[in-house]
Amino acid sequence: MRIEGSVWRLPDRTSVFDLLAAEHDGIGVNEEWAECARHLLENVDPTFVDRVRHGDVFVAGERFGIGHAHFYRATVQGCKAAGISAVLAESVNELFQRVAIDQGLMVWAVPGITAFAGQGDRIEVDLATGSARNETAGTTTRFAPVSSIILDILAHGGGLHWAMERAALRTGRGSA
């Protein structure tokens with residue numbers, strides 16, 4: 001799985017409330033994902049929603065995704081609706097990571113990523129091989145490749161679709 005996009009740098013301890021303010025809980029509960037996207041980072045960078053492009057990547061510092069689990073799904077779906085293709089961070093809240101992957105958004109710890117990619121840099125990442133290229137700086141780096149099962153879950157758009165396909169294949173009703 002390859003990811004290409006421009007970098008949006010986020011600091012250490014970026015919480016779910018930084019991504020989508022708690023005051024927008026109702027739109028998340030109502031699964032209004034496009035509306036969640038319109039409010040991403042509004043208290044951190046009010047111009048974000050006007051400048052984000054499909055395929056862009058969040059590059060964050062330590063402890064990305066901290067916060068109350070109640071807000072994870074709305075935050076993840078808001079990121080997807082805004083066009084964010086992945087979150088690469090120095091370290092991530094593991095429960096947030098699990099929810100994100102289950103919802104079809106790659107969130108992965110890549111130690112050294114903040115030194116590798118800056119705001120606005122154009123990067124290309126191959127998750128299967130664990131390689132990244134910063135097109136802007138002309139540099140490359142390596143990281144632990146993502147497991148094939150996680151890549152398969154993401155390729156199916158999340159855990160539910162992945163599980164349904166596996167169940168259909170086992171019963172002979174799948175598309176192979």
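Two strands are said to pair if DSSP finds at least two bridges between them. The strands themselves, and the helices, are DSSP runs numbered from the N terminus: a helix is a run of H or I with at least four residues, and a strand is a run of E with at least two. The structure discussed here is a predicted model, in which local features need a pLDDT of at least 70 and side-chain atom pairs count only at pLDDT 80 or more, while totals for chains, interfaces and linings use all residues. Residues are numbered from 1 along each chain as its sequence is written, and side-chain values use heavy atoms, with hydrogens and water left out.

Strands of a sheet pair through backbone hydrogen bonds, either parallel or antiparallel. In this model, seven strands form an open sheet of mixed pairing, in the order β4-β3-β2-β1-β5-β6-β7. At its edges lie β4 (106-109) and β7 (139-142), each of which pairs on one side only. From one strand to the next, the twist averages 25°; such angles run from 0 to 180 degrees between the N-to-C directions of axes, which are lines fitted to C-alpha atoms, for helices over the stretch in contact.

Strand β2 (residues 57-60) and strand β3 (residues 86-89) pair in the parallel sense over four bridges, and here V57 stands opposite A86 in β3. By contrast, β5 and β6 pair in the antiparallel sense over four bridges, with D126 opposite S131 in β6. These two strands form a hairpin with four residues between them, and G130 in the turn has a positive phi of about 75°.

Strand β6 (residues 131-134) also pairs with β7, in the antiparallel sense and over four bridges. Which residue of β7 is the bridge partner of A132? The partner is T141, while N134 stands opposite T139 in β7. β6 and β7 likewise form a hairpin with four residues between them, in whose turn G138 has a positive phi of about 75°. The two faces of β6 may also be told apart: A132 and N134 belong to the covered face, S131 and R133 to the uncovered one.

A salt bridge is a side-chain nitrogen of Lys or Arg within 4 Å of a carboxyl oxygen of Asp or Glu, and a search of the whole structure finds six of them. One joins R2 to D126, with the closest N and O atoms 2.7 Å apart. This pair links distant parts of the chain, since R2 lies in strand β1 (residues 2-10) and D126 in strand β5 (residues 122-126), 124 residues apart. Are these two residues buried or exposed? A residue is buried under 20% relative accessible area, exposed over 50%, and partly exposed in between (1.4 Å probe, protein chains only). R2 therefore counts as exposed, at 52% relative accessibility, whereas D126 is buried, because its relative accessible area is 12%. R2, E124 and D126 are linked in a network of salt bridges.

Another salt bridge, of 2.8 Å from N to O, joins the side chains of R73 and E31. R73 is in helix α5 (residues 72-82) and E31 is in the loop between α2 (25-29) and α3 (33-38), 42 residues apart. R73 is partly exposed at 35% relative accessibility, and E31 is partly exposed at 43%.

H24 is found in the loop between α1 (16-19) and α2. With a relative accessible area of 13%, H24 counts as buried. The side chains of H24 and H39 are joined by a polar contact of 3.3 Å, that is, a pair of N or O atoms within 3.5 Å; within protein, one atom must be able to donate a hydrogen and the other to accept it, and residues adjacent in sequence count only if both atoms are side-chain atoms.

An α-helix has 3.6 residues a turn, so residues three or four places apart point the same way.
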